[in-house]
Amino acid sequence: MAGNQASAGHLLQLIRSGEATTRGELQQATGLSRSTVGHRLDQLFGAGWLRDVSGTSTGGRPSARLEFDPTHAVVLVADLETRHARVAALDLSGTVLAEHTGTLVIADGPDRALDQLARWFGPLLAEAGAGPERVCGIGLSVPGPVDWESARIVQPPIMPGWDRFPVRERLREAWTEHVGPMPAAGPLPVFVDNDANLMALAEQRAGHPDCSAFVLVKASTGIGAGVVVGGEVYRGIDGGAGDIGHIRLHDRPDALCMCGSYGCLAAVASGRSIAGQLTAAGVPTASGSDVREHLAAGQPDAVRLAREAGRRVGEVLVTVVTLLNPGVLMLSGDLAGTPFLTGVRELIYQRAMPRTTAHLQVVTSALGDRAALVGAARMVIDHLYAPERADARLAALARTGT
């Protein structure tokens with residue numbers, strides 16, 4: 001790294017990654033003078049972002065090792081499902097400090113849903129032992145396509161009223177009403193992404209950090225996929241990547257999807273579809289989460305339909321794994337039990353080329369229901385502490401004197 005690129009934010013990145021964790025290592029990595037490194041570290045210490053940890057050098061003398069202090073701020077996150085939501089407060093290492101699950105019907109629209117989230121945030125912070133001033137950002141996970149830059153949801157099939165709604169601005173309003181004023185340094189950062197993207201990010205970082213191409217499929221009320229390539233979420237040009245639930249199946253032109261089209265994978269193999277089929281067979285089922293309960297109880301029709309759904313999803317995933325050549329294909333969501341997993345594996349190994357599957361692991365979620373929350377926190381932290389954004393935030397803190 002050239003010296004003129006090594007801002008305080010770049011030094012923080014070196015420390016967080018473990019590439020350079022002492023003053024001497026930072027000088028060596030950046031080419032900066034001792035005094036310049038010291039000045040930039042003073043900025044990071046002044047913001048409360050760093051701490052000294054005693055270590056031992058090879059010569060036996062104590063050395064001051066620098067590390068990111070994950071306790072200096074908290075992140076608030078929310079995972080919105082069709083009929084409920086989870087909210088949590090996490091520190092900057094991803095440790096959950098407080099968590100709450102409550103009823104929230106996404107079809108009631110964004111105004112009501114975002115207001116409810118803000119009402120939950122106050123008690124959540126109290127439980128976490130943190131005041132509103134310690135919140136550095138908010139992350140939302142939603143079951144629909146998201147234009148990440150604008151934080152707006154785009155034509156979501158199962159989220160009526162949310163299309164292009166100003167989520168970031170409305171949540172800030174609700175925060176001011178129910179929690180407190182915006183920070184002196186500027187409006188509270190709010191980030192929104194698709195749930196499968198965030199689940200994929202969390203699972204890849206936690207369990208498969210060396211996997212350079214990772215695919216997660218969430219099969220619940222709807223079906224979606226998240227793709228992580230080179231450690232970063234691949235979103236496509238406007239957030240539409242991974243929307244496999246709306247790939248058309250050639251033999252089901254009769255199946256009407258929530259998006260208004262016929263023959264979509266989600267219309268045939270999602271939790272919503274299975275719930276409809278079970279209800280028609282005399283087993284009342286309202287949603288993907290109800291299907292999950294039937295599967296846990298071993299209900300025979302639910303088991304059969306989940307395996308069939310796995311085979312239909314597997315038909316689409318043959319193309320996905322052939323195109324992306326991932327090292328890990330992870331199945332998650334309400335349907336992702338043994339019957340569904342078996343169906344997916346049958347089709348993939350039957351139809352994909354042996355070379356494509358030779359090094360492919362087909363697994364189920366390790367983080368479970370917390371994956372989207374952990375991924376939402378990771379999204380916020382990665383963005384706020386990236387070098388350029390970190391430098392901008394340090395400058396804002398210096399201006400306001402906070």
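The crossing of helices H4 and H5 is right-handed. To view it in this predicted model, select residues 110-128 for H4 and residues 167-178 for H5. The two axes come within 9 Å and cross at roughly 45°. That angle makes H4 oblique to H5. Next, display the side chains where the helices meet. On the H4 side, the residues in contact are Asp111, Leu114, Asp115, Ala118, Arg119, Phe121 and Leu125. Their counterparts in H5 are Val167, Arg170, Leu171, Ala174, Trp175, Glu177 and His178.

Five strands, in the order E5-E4-E3-E6-E9, form an open sheet with mixed pairing. Which strands stand at the edges? They are E5 (96-103) and E9 (190-194); each has a single partner strand, so one side of each is left without a neighbour in the sheet. On average, neighbouring strands here are turned by 15° against each other, direction ignored. H4 packs on this sheet and touches E3 (74-80), E4 (84-91), E5 and E6. The direction of H4 makes about 145° with that of E5.

Now select E6, residues 135-142, together with E9: the two strands pair in the parallel sense over 5 bridges. Isoleucine 138 has valine 190 in E9 as its bridge partner, and serine 141 stands opposite aspartate 193 in E9. Although E9 is an edge strand, it is mostly covered, with 5 of its 5 residues buried.

**A second sheet**

Move on to another open sheet, which has 5 strands in the order E12-E11-E10-E13-E14 and mixed pairing. Its edge strands are E12 (232-233) and E14 (361-364), each of which pairs on one side only. E13 and E14 run parallel and are joined by 4 bridges. Within this pair, leucine 329 stands opposite valine 362 in E14.

H6, residues 195-207, lies across E10 (213-219), E11 (223-229), E12 and E13. H6 runs at about 45° to E11.

**Two loop residues with positive phi**

Select alanine 151, in the loop between strands E7 (146-147) and E8 (152-153). Its phi is near 60°, a positive value in a residue other than glycine. Is alanine 151 buried or exposed? With 0% relative accessibility, alanine 151 counts as buried.

Then go to asparagine 325, in the loop between helix H10 (300-324) and strand E13 (328-332). The phi of asparagine 325 is likewise positive, near 50°. Asparagine 325 is partly exposed, with a relative accessible area of 40%.

**Last stop: serine 7**

Finally, select serine 7, in the segment before helix H1 (8-17). Its relative accessibility is 16%; because buried means under 20%, serine 7 counts as buried. A polar contact of 2.9 Å joins its side chain to that of histidine 10. Which residues does serine 7 touch, not counting those up to four places away in sequence? They are Arg40 and Asp391.

Technical notes. Residues numbered from 1 in each chain as written. Predicted model: local features only at pLDDT ≥ 70, side-chain atom pairs only at ≥ 80, totals over all residues. Heavy atoms only, no water. Buried < 20%, exposed > 50% of the residue type's maximum accessible area, 1.4 Å probe, protein only. Polar contact = N/O pair within 3.5 Å; in protein donor to acceptor, adjacent residues only side chain to side chain. Contact = heavy atoms within 4.5 Å. Pairing = 2+ DSSP bridges. Axes fitted to C-alpha atoms, helices over the stretch in contact; angles between N-to-C directions. Parallel < 35°, antiparallel > 145°, perpendicular 65-115°, else oblique. Left-handed = near helix turned anticlockwise from the far one by under 90°.
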